[in-house]
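Subject: the model you asked for

Hi,

Have it open while you read.

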Amino acid sequence: MKVWKKLTAAVAALTLCVSNAAIAAPVNAVDDGNDDWLHAVGSRLYDKDGNEVWLTGANWFGFNCSENCVHYLWSVDVDDALSSIADHGINVIRIPISTELLYSWMNGTPNPVSSVQANNDPAYTINPDFCDADGELKDSMAIFDVLMNKCKNYGLKVILDIHSPTAHNSGHNYNLWYYDENAGSADTMAIMPDGTKVTSKMWQDTLVWIAGKYKNDDTIIAYDLKNEPHGKGQEGSAAAKWDGSTDENNWAYASKKCADAIQEVNPNALIFIEGVEQQVRNDSFKWGQPDSKTDPPYYPGWWGGQLRGVRDYPVKLEASGTSKIVYSPHDYGPSVWPQTWFEGDFTTQSLLDDYWYDTWAFIGQEDIAPLFIGEWGGHMGGDNQKWMELLRDYMIDNHVNHTFWCLNTNSGDTGGLWTAMGFTPANGSSITWDDEKYGLMEKALWQTDSGKYISLDHERPLGVNDTGISVSEYYAKGMSSNLDAGGKGEPQPPVVTPTEKPTEAPTDKPTEKPTEAPTDKPTEKPTEKLTEKPTEKPTEKPTDAPDEKPTEKPAAVLYGDADENGEVDILDVICLNRALLGVGDLSDQAILNADVDGDGKPAPADSLSILKFIVGLIKKLPV
């Protein structure tokens, strides 16, 4: 009798679940499984199940600036901003931050935030989660933690980018990741307000600290070690170089040391390594010698864009080799600076010949490592729009990961994807997107042929308005997407990820209230870029790519496991009944698992048999 009551109760609960129009399907739950980490094989990125993924997103700056928080939360509610970002198909946000800010967090004295409007008064509620119980604004670290948790709610992943040594609105202009006495007047950008100089050790220690803090939370899937290391060769030790030395300004050596240290505390995270600005042409020249117009000793590049050094001095980590390394050049168009490779009627091929291929594209085309264009973008119209369209199509065709620069409207030499922001108590937030610019970028967002945007989360689809799906659903349904344009990589063996729970959120609070919100908004990006043209042509570029999606053999049948989570429980009955009602779909493997009576197709009788098995009326499956 007790068993029958148990079955009756289960059926009643199940009926309620599947008849409710607002079904809370398991796929929409926040994913706390800590299993969304990625790894590299050749030039492609894969998830834990060996399925290829594509990182396609945008930048949102502010934590790198003196305001110590992403910008525009003085105008909108964070939930409105994040839901709009996710609904627009962005699956990853690159968030710039400063070493100074991380240093303040690590030491337990978080810098205050001066650019957030927050109020938990029911009559005027904006960003209430940024306030403590007394209505006071939380510190920068607590607000960052809230932001990361909210990203999880919308299926968004994050790449944390060390954008500048200090919390400075122009700190990205500084050449190096540490203070250098030869940097001249610019060295103030590597000295904190209290006189503390940012050292190489501080830069590394803070990165290791934040990677350890988030080691059990797969919201931050990658660390971009330094934004745009740069400087001209003739600047010597004051400029970032890429060679085989152990000099402090050798970016290849510094990034390997830092990445190895990060892996000791967080072996799952990806490591993004940007390029430098110039590279010595051959062994007959030396770093630091004067430039020459007749016999130039250096290859030029955008800041952070020069990755020729990878050929001779690739970064290989002690623990994981190259499986966690992603190379991340930045690339811009003629509206930022009129480089010589934009002269005349430039094409994709001329850009490859004159700059792209030997500078960074060879890394992906020769299957050395994945590429991630961490910054690209600019103003619409003319040659700059032409360049954006050519780079966009190249990234689609060659499956290059990327984040567009930027969401913010206050980037002086590029503009943003947003054009206006505002908040009123009566209407809440308003966010206006630049439809033309977004329309250009949107084609390079990972999406199915039917227009569903694909998250990097195995449980949570992107957004809140049914515009996205999870990566698990995409592969379970055997769908096609614009990922196929570049030819999918071969499926890889699954990887084992940690299962321990996330650590508790920190409780430290600042001792002072934040200062007033700024009235002037900072601008981003340097205005001076290199103009020299490479004189050597690249080698022949490989063009072959598989044009068919690889098939996978079904796994062994686990009868009753309709949701394919490796267990037979009430969720399998809910999953099967949803499919029978036309609310969801089953993969081929799920159909095999659900057909417990062997008649060749799932049916209500199978659902009842699975339910009987769960409550003990049937001892084994199949029936």
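Start at Asp139, which caps the N-terminal end of α4: one of its side-chain oxygens sits 2.9 Å from the backbone nitrogen of Met141. That counts as a polar contact, meaning a pair of N or O atoms within 3.5 Å; within protein, one must be able to donate a hydrogen and the other to accept it, and residues adjacent in sequence count only if both atoms are side-chain atoms.

A word on what you are looking at: this is a predicted model, where local features need pLDDT of at least 70, side-chain atom pairs count only at pLDDT 80 or more, and totals for chains, interfaces and linings use all residues. Residues are numbered from 1 along each chain as its sequence is written, and side-chain values use heavy atoms, with hydrogens and water left out.

Back to α4, which covers residues 140–153. Helices (H or I, at least four residues) and strands (E, at least two) are DSSP runs, numbered from the N terminus. End to end, from first C-alpha to last, the 14 residues of α4 reach 20 Å, close to the 20 Å expected at 1.5 Å a residue; the expected span is 1.5 Å times one less than the number of residues. After the helix comes Gly155, with a positive phi near 75°.

Twelve of the 14 residues in α4 are buried, among them Phe144, Leu147 and Lys150. Buried means under 20% relative accessible area, exposed over 50%, and partly exposed in between (1.4 Å probe, protein chains only). Those buried residues pack against α2 (78–87), β5, α3 (99–106), β8, α5 and β9, where contact means heavy atoms within 4.5 Å. The helix lies across β5, β8 and β9 and runs at about 145° to β8. For that angle, axes are lines fitted to C-alpha atoms, for helices over the stretch in contact, and angles run from 0 to 180 degrees between N-to-C directions.

Now the strands. All eight of the eight residues of β8 (157–164) are buried, so the rest of the structure largely encloses this strand. To get from β8 to β9 the chain goes through α5 (200–213) in a right-handed β-α-β crossover: with the strands pointing away from the viewer, the path from the first strand over the helix to the second runs clockwise. Two strands pair if DSSP finds at least two bridges between them.

These strands belong to an open, parallel sheet of eight, ordered β13-β10-β9-β8-β5-β4-β15-β14. Its edge strands, β13 (325–327) and β14 (372–373), each pair on one side only. Further along, β4 (56–59) joins β5 through three parallel bridges, and Gly57 stands opposite Val92.

As for α5, eleven of its 14 residues are buried, so it too is largely enclosed by the rest of the structure. Trp203 and Leu207 are among the buried ones, and the buried set packs against α3, α4, β8, β9 and α6 (251–265).

For the whole chain: 13 helices and 19 strands, with 57% of the 623 residues buried.

Cheers
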